Amino acid sequence: MCEVGTRPAMPAGGGETPPASALSPPAPLQPGEKCREMGEQPIFTTRAHVFQIDPTTKKNWVPASKQAVTVSYFYDSTRNSYRIISVDGAKVVINSTITPNMTFTKTSHKFGQWADSRANTVFGLGFSSEQLLSKFAEKFQEVKEAARLARERSQEKTETSSNHSQESGRETPCSTRASSVNGTDDEKASHGGPADVHLKTENDKLKLALAQSSCNVKKWETELQALRESNARLTTALQESAASIEHWKKQFSICKEENDQLRSKIEELEEQCEEINKEQERNVQLSRRLQDLETELQDKELELEDLRKQGEIIPQLVSECETVSQKLQAADKRNKDLEEKVRALRSEIEESKQRQSHLKAELQTFLDILDGKIDELHDFRQGLSKLGVDN
């Protein structure tokens with residue numbers, strides 16, 4: 001796709017006065033016209049999308065071709081002029097004669113335009129690459145310079161012919177004065193007949209030249225007025241395009257500000273999303289930790305149940321200790337009566353005492369261990385309750 005400039009740049013007023021043919025657009029080419037038979041030769045050819053400025057709004061581009069067409073520079077050796085010609089099928093989309101006051105403007109990397117005052121329009125070309133646009137612009141500059149040189153040569157020829165006519169006009173009064181000095185009118189008729197005929201022909205030529213110059217002056221005046229009107233229209237279009245540019249600049253700045261605001265909001269939302277993701281990760285970690293703690297709690301409860309079962313055996317041991325003590329008391333009483341049996345039973349008593357002390361020690365250690373486990377379980381429950389409150 002080629003790039004199209006949205007706002008055409010209109011040329012400023014002024015420049016050289018074109019010939020009389022500038023008042024009307026150039027005659028359209030007929031389909032299948034052979035430029036070579038008319039003395040025109042193609043000097044450069046390329047392909048581009050052709051656009052013309054909207055004649056009503058003078059702001060928007062209107063496609064002149066449905067697709068990329070051939071655009072060529074032609075040189076007319078008989079008229080010593082250059083033209084840009086492009087034909088889309090049977091339709092002539094460009095027929096622009098290049099003049100020295102034309103300017104080709106690049107409005108983007110792939111789009112260029114120029115104004116044709118004869119056709120009273122602005123042509124735009126959209127190329128497929130920047131290189132094609134640069135080549136076309138360079139060729140436009142070369143052809144423009146060649147057209148300027150051709151105009152200068154034609155002006156020099158015109159000035160030379162006008163100088164010759166003025167010199168012939170100066171020589172005519174001198175010959176008239178010479179003839180009047182030579183004699184009267186009758187003498188002129190008898191003596192200077194061929195000179196009089198020559199003077200009459202020269203006078204007729206001068207009169208024709210004077211009449212043609214007066215007609216040319218009128219034509220130049222009408223052409224100048226038409227050019228002034230065209231320049232006024234082009235200036236108005238340029239002012240409208242400048243106002244449109246300012247409007248679009250303001251719209252661009254507003255869109256840029258809105259874009260910046262949206263970017264800042266997007267950044268804030270991204271930060272919030274990152275925080276939410278972090279919180280979700282934390283919640284997942286806490287849920288895993290909670291599950292681990294619940295499993296540990298279940299294990300501790302099982303250990304506590306085992307300790308409770310072991311604690312149920314302690315009353316039995318205490319009751320046994322009491323019965324043993326009762327037996328000892330009975331044995332003491334019987335020892336008084338049976339001193340002989342006491343000696344035999346002392347060893348048994350000592351052994352029973354040792355066993356009792358040993359059992360008491362084991363019981364005490366067991367109770368200490370149980371108290372420590374109960375404290376640890378209590379601390380563990382408090383920590384678990386705190387963790388549940390924090391969650």
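## Salt bridges and secondary structure in a predicted model

The side chains of glutamate 142 and lysine 139 form a salt bridge, with an N to O distance of 3.5 Å. A salt bridge here is a side-chain nitrogen of Lys or Arg within 4 Å of a carboxyl oxygen of Asp or Glu. This is a predicted model, in which local features need pLDDT of at least 70 and side-chain atom pairs count only at pLDDT 80 or more, while totals for chains, interfaces and linings use all residues. Residues are numbered from 1 along each chain as its sequence is written, and side-chain values use heavy atoms, with hydrogens and water left out.

The protein chain has five helices and eight strands. Helices (H or I, at least four residues) and strands (E, at least two) are DSSP runs, numbered from the N terminus. From the N terminus on, the order of elements is β-β-β-β-β-β-β-β-α-α-α-α-α. Of the 391 residues of the chain, 24% count as buried. Buried means under 20% relative accessible area, exposed over 50%, and partly exposed in between (1.4 Å probe, protein chains only).

Glutamate 142 and lysine 139 are three residues apart in helix α1 (residues 130–182), and they are therefore separated by about one helical turn. Glutamate 142 counts as partly exposed because its relative accessibility is 49%. Side chains of opposite charge can pair when their charged atoms come close. A search of the whole structure finds five salt bridges, and the table lists some of them.

| Salt bridge | N to O distance |
|---|---|
| Glutamate 142 and lysine 139 | 3.5 Å |
| Arginine 79 and aspartate 76 | 3.8 Å |
| Arginine 282 and glutamate 279 | 3.0 Å |

In the pair of arginine 79 and aspartate 76, arginine 79 counts as exposed because its relative accessibility is 67%, whereas aspartate 76 counts as buried because its value is 5%. Arginine 282 and glutamate 279 both lie in helix α3, three residues apart, about one turn of the helix. Arginine 282 is partly exposed, with a relative accessible area of 48%, and glutamate 279 is also partly exposed, at 39%.

Aspartate 299 belongs to a patch of negative charge on the surface, together with Asp292, Glu296, Glu303, Glu305, Asp306 and Glu312. Such patches are made of residues with over 30% relative accessible area and no salt bridge, and like charges are joined within 9 Å.

Helix α4 (residues 313–337) has 25 residues, which at 1.5 Å a residue should span 36 Å; its end C-alpha atoms are 36 Å apart, so the two values agree. The expected span is 1.5 Å times one less than the number of residues. Within α4, the residues Ile314, Leu328, Ala331 and Asn335 are buried.

Two loop residues concern the backbone angle phi. Most residues other than glycine have a negative phi. Lysine 58, in the loop between β1 (40–53) and β2 (61–63), has a positive phi near 60° and is partly exposed at 21% relative accessibility. Asparagine 80, in the loop between β3 (69–76) and β4 (81–88), has a positive phi near 55° and is partly exposed at 30% relative accessibility.

Notes:
Patches are made of residues with over 30% relative accessible area and no salt bridge: like charges are joined within 9 Å, nonpolar side chains (Val, Leu, Ile, Met, Phe, Trp, Tyr) within 5 Å. Accessible areas come from the Shrake-Rupley method with a 1.4 Å probe; for residues, only the protein chains shown count as cover. Lys and Arg count as positive and Asp and Glu as negative; His and the chain ends are not counted. The place of a charge is taken as NZ of Lys, CZ of Arg, CG of Asp or CD of Glu.
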